[in-house]
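Dear colleague,

Please find below the structure I am handing over to you.

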Amino acid sequence: MSQLPLKDPAPAEDADAEPRPGHIRKPVGWSTVTIAVLVAVSAALVWHRDGISGVTEILTDDLTLFGGIVPRVLAGCLLGAFIAEILPHEKVSRSLGPESGLKGLVIGTAFGAILPGGPFTAYPVASALLAVGADFGATIAMVVSWTLIGYGRAVAWEIPILGADFTLWRIAISLPLPVLAGALGRFIYVRLYPKQDEAES
């Protein structure tokens, strides 16, 4: 009888330990190895065709591009880290977690639609949401909504070039897609990672 109270916190611990791809990434995976091989093969082909000067020119241009991107990547990663620390885990889990249902998918869709900035902002924010309790479905809905609906791109580029009518119709048609993508992602995730459900049962 004295051990019964010790069994109550177990589901909460398992819930916190729910496997998320953002926490199990390896520093070097198949994608990194594949890209490295492609880079080596491409460099060899350029060297064979243009000599060392061609390779050096490409490396110089890419290093310049990399130097311009690094501050944005750093800012995005810092933003994600700060958001993960600031957001209350319980509220995020309640609003965007596995038990949030349709409401969580709608909130994720709305948040993605109004999220400003490019991928250096969106993906660190999505990673932060996963870290503080949002589930796969709500996060997928957010990313898909940011990709399809994103008001910043619509106001800055789409309306001036394609017109308001086109933009409004495109947004109206796109609105259900993030929710459907999030629901499908949630459905698949539960079956790929059933550990949470087994712990609760």
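The accessible surface of the protein, which is a predicted model, amounts to about 13600 Å². Carbon and sulfur atoms hold 71% of that surface. Of the 201 residues, 26% are buried.

As to secondary structure, the protein contains 12 helices and zero strands; the order along the sequence is accordingly α-α-α-α-α-α-α-α-α-α-α-α. Among contacts with a separation of 6 or more, 73% link residues 24 or more positions apart.

One surface feature deserves a mention. W30, V33, V37, V41 and L45 form a nonpolar patch with about 550 Å² of accessible area together. L45, one of these residues, lies in helix α3 (residues 30–50). Its relative accessibility is 58%, and L45 therefore counts as exposed, the cut-off being over 50%.

On confidence, the mean pLDDT of the protein is 80, and 82% of the residues reach 70 or more. Helix α8 (residues 136–148) has the highest confidence, at a mean of 92, whereas helix α2 (residues 10–16) has the lowest, at 44. The pLDDT is below 50 over residues 1–22, a stretch with 14 contacts in the model beyond near neighbours in sequence. At the other end, residues 197–201 also stay under 50, and the model has two contacts for them beyond four places in sequence. Where pLDDT is low, predicted coordinates should not be read in detail.

With kind regards

Key. Residues numbered from 1 in each chain as written. Predicted model: local features only at pLDDT ≥ 70, side-chain atom pairs only at ≥ 80, totals over all residues. Heavy atoms only, no water. Helix = DSSP H or I, 4+ residues; strand = E, 2+ residues; numbered from the N terminus. Buried < 20%, exposed > 50% of the residue type's maximum accessible area, 1.4 Å probe, protein only. Contact = heavy atoms within 4.5 Å. Areas by Shrake-Rupley, 256 points an atom, 1.4 Å probe, with all protein chains shown as cover. Patch = residues over 30% accessible without salt bridge, like charges linked within 9 Å, V, L, I, M, F, W, Y side chains within 5 Å. Salt bridge = Lys/Arg side-chain N within 4 Å of Asp/Glu carboxyl O. pLDDT = per-residue confidence, 0-100.
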